[in-house]
Amino acid sequence: MRGTVALRRLVAETSLEPRHLVLPMFVADGIDDPRPISSMPGVVQHTLDSLRSAATDAVEAGVGGLMLFGVPREEDKDEAGSGATDPDGILNRGLGALKTELGDATVLMADTCLDEFTSHGHCGVLSDDGRVDNDATLARYVEMAIAQAEAGAHLLGPSGMMDGQVAAIRKGLDAAGHTDVGQLAYSAKYASVFYGPFREAVSSSLEGDRRTYQQDSANRRESLLEVDLDLAEGADLVLVKPAMSYLDVLREVADRSPVPVAAYQISGEYAMITAAAQNGWIDRDAAVLESLLSIRRAGADIVLTYWAAEAAGWLS
Ligand code: PBG
């Protein structure tokens, strides 16, 4: 059954199509030209102009959607992450620009999390003891969600791992009339060293770590609990992150989830394959496709990957 390309194609259990891929993109304030991210060769912080054109190219290549992150100017960061809720904040301006450019031709998603906007780099606001204050953070997420919905997002991606974030955002969106804006809930999100390059991608320095709110990589059952909670709170899709070191978790979530499941092939995964390929140690394009197919095989309906546009081009 493996003897020819046609035989293998006939019996392939898993497929990879452009629509399965979502491209995460970064838009930065106060830059005149796209700024390369050195730990993620090939990925840049966009200007509003370059964002528009790269997003259009990705959509033409057939990607299923775009996930936008904002990179504010250093001087605009504060303890509360005010730039996240400001309609003129860079993420909301980026969403607006993409909505004007692309309308409903793609699925526009936004990172609903404060870390890009806070001076301390945490995903929420801090209490006096320096820990993230869960419930005070929820109030900020609700404001952020409404601002993103107003800017044109179709789906919000609450990624801060606060308890109750999906329910709080759902209630806030509904009360503000945004009943059609859904949530791609980052349900099983682990405290991972593989987010390393993302700090440079969003020009953020983190004091301490995220282990008090993101999951411990030793745990598997906990992910199932997190997924159940998010579903009960109204999640429209659930996400597992990172992808490649957590394929077992992804499989279990996929087996149980009644809603579509996404997985995020994160910055460190991108960096590892890119670095090995740059050294001539692996075939880059084949490694990209194998990694994406593996994530699909483990149960992801949707894969967020920095290779989304490029891979969609190969596949279409
Ligand atoms: C939080 C967020 C992070 C990533 C996506 N959303 C960083 C974190 O939680 O530490 C990481 C994505 C990547 O590493 O590619 N806003």
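Lys 241 sits in strand β8, which covers residues 237-241. Keep in mind that this is a predicted model. Lys 241 has 25 C-beta neighbours inside 10 Å, so it counts as buried. Setting aside residues up to four places away in sequence, Lys 241 touches Tyr 186, Lys 189, Tyr 190, Ala 263, Tyr 264 and Ile 266.

One of those contacts is Lys 189, and that brings in the annotation. In an unreviewed UniProt entry, the feature "active site" is placed at Lys 189 and Lys 241. These positions are spread over 53 residues of sequence, yet they cluster in space, with a largest C-alpha distance of 4.9 Å.

Now Lys 189 itself. Lys 189 belongs to strand β7, residues 182-189. Is Lys 189 buried or exposed? Lys 189 is buried, because 26 C-beta neighbours lie inside 10 Å and the cut-off for buried is 20 or more. Apart from residues up to four places away in sequence, the contacts of Lys 189 are Ser 159, Met 161, Gln 214, Gln 215 and Lys 241.

Next, Glu 226. The unreviewed UniProt entry has a "binding site" annotation that covers Glu 226. This residue lies in helix α7, which runs over residues 221-233. Glu 226 has 22 other C-beta atoms within 10 Å and is therefore buried. Which residues does Glu 226 touch, not counting those up to four places away in sequence? They are Ser 187 and Ala 188.

On to Ser 267, in helix α9, residues 267-278. Ser 267 has 25 C-beta neighbours inside 10 Å, so Ser 267 is also buried. In sequence, Ser 267 and Phe 194 are 73 residues apart, but their C-alpha atoms are 6.7 Å apart in space. Leaving aside neighbours within four places in sequence, Ser 267 is in contact with Met 40, Tyr 195, Gly 196, Pro 197, Phe 198 and Ala 201.

In soluble globular proteins, nonpolar side chains tend to be buried together. Here the largest nonpolar core has 96 residues, and Leu 66, Leu 68 and Met 109 have the most contacts inside it. Which helix gives the most to this core? Helix α4, residues 134-151, does, with nine residues.

Take Met 109 from that group. Beyond its neighbours within four places in sequence, Met 109 is in contact with Val 22, Gly 65, Leu 66, Met 67, Leu 68, Ala 153, His 154, Leu 155, Gly 157 and Leu 184. Leu 66 and Leu 68 are among those contacts.

Methods. Residues numbered from 1 in each chain as written. Predicted model: local features only at pLDDT ≥ 70, side-chain atom pairs only at ≥ 80, totals over all residues. Helix = DSSP H or I, 4+ residues; strand = E, 2+ residues; numbered from the N terminus. Buried ≥ 20, exposed ≤ 12 C-beta atoms within 10 Å, placed from the backbone. Contact = placed C-beta atoms within 7 Å. UniProt positions renumbered as here; feature names shortened; annotations may be inferred. Core = buried A, V, L, I, M, F, W, Y, C linked by C-beta atoms within 7 Å.
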